[in-house]
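Here is a short briefing to keep beside the sequence and the 3D view. Take it topic by topic, with the structure open as you read.

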Amino acid sequence: MQTEDRINIEIFKVVTRAIAESKNLEIMAKHLAQLLVGALEIKGATIFATNVETKELEVLGSFGLSIPYMNKGPIYISRSIKSAEKHKAVVVRDVKNTDLLQYSADAIQEGIGAIVSVPIDFSGRVIGVLRLYHHDQWDISERDLDSLFVVAEIIGLAMMYARMNHAISDVKNIVGDVHEAWLE
Amino acid sequence: MEPQKILLPYNFSQNDQKALAFAIRTFGPLENSEVTIFHAFTPISEIEASDHQSATAKLKRRLSYLTQELTEREMALQEVRQYLISKGFHRDRVRYIFKSRKGETSAAIIEQTKDDDYDVIVLNHKPGKVTRFFTGSVFSKVVMAIRDITVCIVS
């Protein structure tokens with residue numbers, strides 16, 4: 001059990017800088033997962049994007065989890081740590097005593113004791129999830145949870161920025177392919 | 001069919017396993033086929049610590065322990081190499097590249113194709129993924145950028 005605050009302003013600055021300075025969302029997600037694992041002294045962290053068509057969570061970046069655990073199967077939004085209230089975090093303090101997990105046996109085998117799931121919101125919609133995995137049972141402090149909410153909001157902004165950036169880049173490539181002869 | 005020099009980008013996903021199975025089925029029976037399994041990893045985040053007692057200094061020290069994950073990934077890549085050998089590829093003709101990347105995965109793959117003369121590249125593609133809106137599709141970026149290589153897409 002641990003309730004002491006882990007994320008102070010110094011750590012928060014490092015985490016937000018990793019988001020702000022990254023030019024690539026894939027690398028940003030991976031670095032962010034590494035930093036959160038290091039700062040909170042936990043087992044692993046994953047950033048997911050929600051796929052509203054397939055109703056699945058897709059991994060954007062992850063750190064600390066084994067290859068078999070990452071390949072355990074599709075993660076369905078409706079079956080994996082679904083919050084009773086949208087936009088609320090879910091803390092699974094003990095994975096052995098919960099019915100919130102889709103792959104509880106895999107989590108136990110992986111050596112996960114507890115999971116914290118924080119929604120990534122953008123403009124009132126949940127576009128992703130930040131999940132943190134602890135070795136043991138875990139009582140995360142309220143203040144750390146608040147900090148994670150802010151981090152998740154910044155991740156949401158970064159995700160949408162990256163999405164816009166890709167859309168503009170795609171348009172540029174398509175326009176670039178139009179030969180001048182077609183414009184005369 | 002002539003012997004082929006094959007590049008197999010590998011990211012430990014289930015789709016990569018499909019691409020691996022395809023490479024074994026298609027190129028395994030060919031004598032002298034040469035396979036390079038390629039994984040470009042994200043290096044551990046670099047942070048600056050103000051002084052060695054600070055929270056960031058402690059975080060920096062903890063991050064240095066986290067390199068274990070990279071060691072495990074490299075070992076897993078070696079296991080993939082052994083698997084290919086067990087499926088009939090000649091020991092001297094299967095190698096792996098495990099290298100750090102600073103940019104996108106697609107850029108690392110494209111750079112690798114320029115560094116070495118490959119005949120074939122085996123890529124996987126899972127349609128309908130939402131992450132491509134955020135990070136772009138590795139498959140389409142590689143296909144758009146490379147020239148004079150046969151591209152096999154496993155979907």
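A residue counts as buried when its relative accessible area is under 20%, and as exposed when that area is over 50%. By that cut-off, buried residues make up 52% of the 184 residues in chain A. Please keep in mind that this is a predicted model. The points below start with chain A as a whole, go on to its sheet, and then turn to chain B.

**Chain A as a whole**

- Chain A has 5 helices and 6 strands in its secondary structure.
- If you follow the sequence of chain A, the elements come in the pattern α-α-β-β-α-β-β-α-β-β-α.
- Along the principal axes, the C-alpha atoms of chain A fill a box of roughly 70 × 35 × 30 Å.
- For contacts in chain A between residues at least 6 apart in sequence, 59% join residues at least 24 apart.
- About 9500 Å² of accessible surface belongs to chain A, and carbon and sulfur atoms account for 52% of that surface.
- Chain A carries 19 positive and 25 negative side chains, with the centres of the two sets 2 Å apart.

**The sheet of chain A**

- Chain A holds an open sheet of 6 strands with antiparallel pairing, in the order β3-β2-β1-β6-β5-β4.
- The edges of this sheet are β3 (75-76) and β4 (90-92) of chain A; each has a single partner strand, so one side of each is left without a neighbour in the sheet.
- Helix α5 (residues 142-176) of chain A lies across β1 (44-51), β2 (56-63), β4, β5 and β6 (125-134) of chain A. This helix runs at about 45° to β5(A).

**The sheet of chain B**

- Chain B has an open sheet of 5 strands with parallel pairing, and the strand order is β3-β2-β1-β4-β5.
- In this sheet β3 (94-100) and β5 (150-154) of chain B stand at the edges with a single partner strand each, so one side of each has no neighbour in the sheet.
- On average, neighbouring strands of this sheet are turned by 20° against each other, direction ignored.
- Strand β2 (residues 34-41) of chain B pairs with β3(B) in the parallel sense over 7 bridges.
- Ile37(B) has Tyr96(B) in β3(B) as its bridge partner.

**Helices on the sheet of chain B**

- Helix α1 (residues 14-27) of chain B packs on the sheet and touches β1 (5-9), β4 (120-124) and β5 of chain B. The direction of α1 makes about 145° with that of β4(B).
- Helix α6 (residues 138-145) of chain B also packs on the sheet, where it touches β4 and β5 of chain B. The direction of α6 makes about 155° with that of β4(B).

**Two loop residues with positive phi in chain B**

- As background, most residues other than glycine have a negative phi.
- Phe12(B) is not a glycine, yet has a positive phi of about 65°. You will find Phe12(B) in the loop between β1 and α1 of chain B.
- With a relative accessible area of 6%, Phe12(B) is buried.
- Asp148(B), although not a glycine, has a positive phi of about 60°. Its place is in the loop between α6 and β5 of chain B.
- Asp148(B) is exposed, at a relative accessible area of 81%.

Terms used: Residues numbered from 1 in each chain as written. Chains lettered and ligands numbered in written order. Predicted model: local features only at pLDDT ≥ 70, side-chain atom pairs only at ≥ 80, totals over all residues. Heavy atoms only, no water. Pairing = 2+ DSSP bridges. Helix = DSSP H or I, 4+ residues; strand = E, 2+ residues; numbered from the N terminus. Axes fitted to C-alpha atoms, helices over the stretch in contact; angles between N-to-C directions. Contact = heavy atoms within 4.5 Å. Buried < 20%, exposed > 50% of the residue type's maximum accessible area, 1.4 Å probe, protein only. Areas by Shrake-Rupley, 256 points an atom, 1.4 Å probe, with all protein chains shown as cover. Lys, Arg positive; Asp, Glu negative; His and termini not counted. Charge placed at Lys NZ, Arg CZ, Asp CG, Glu CD.
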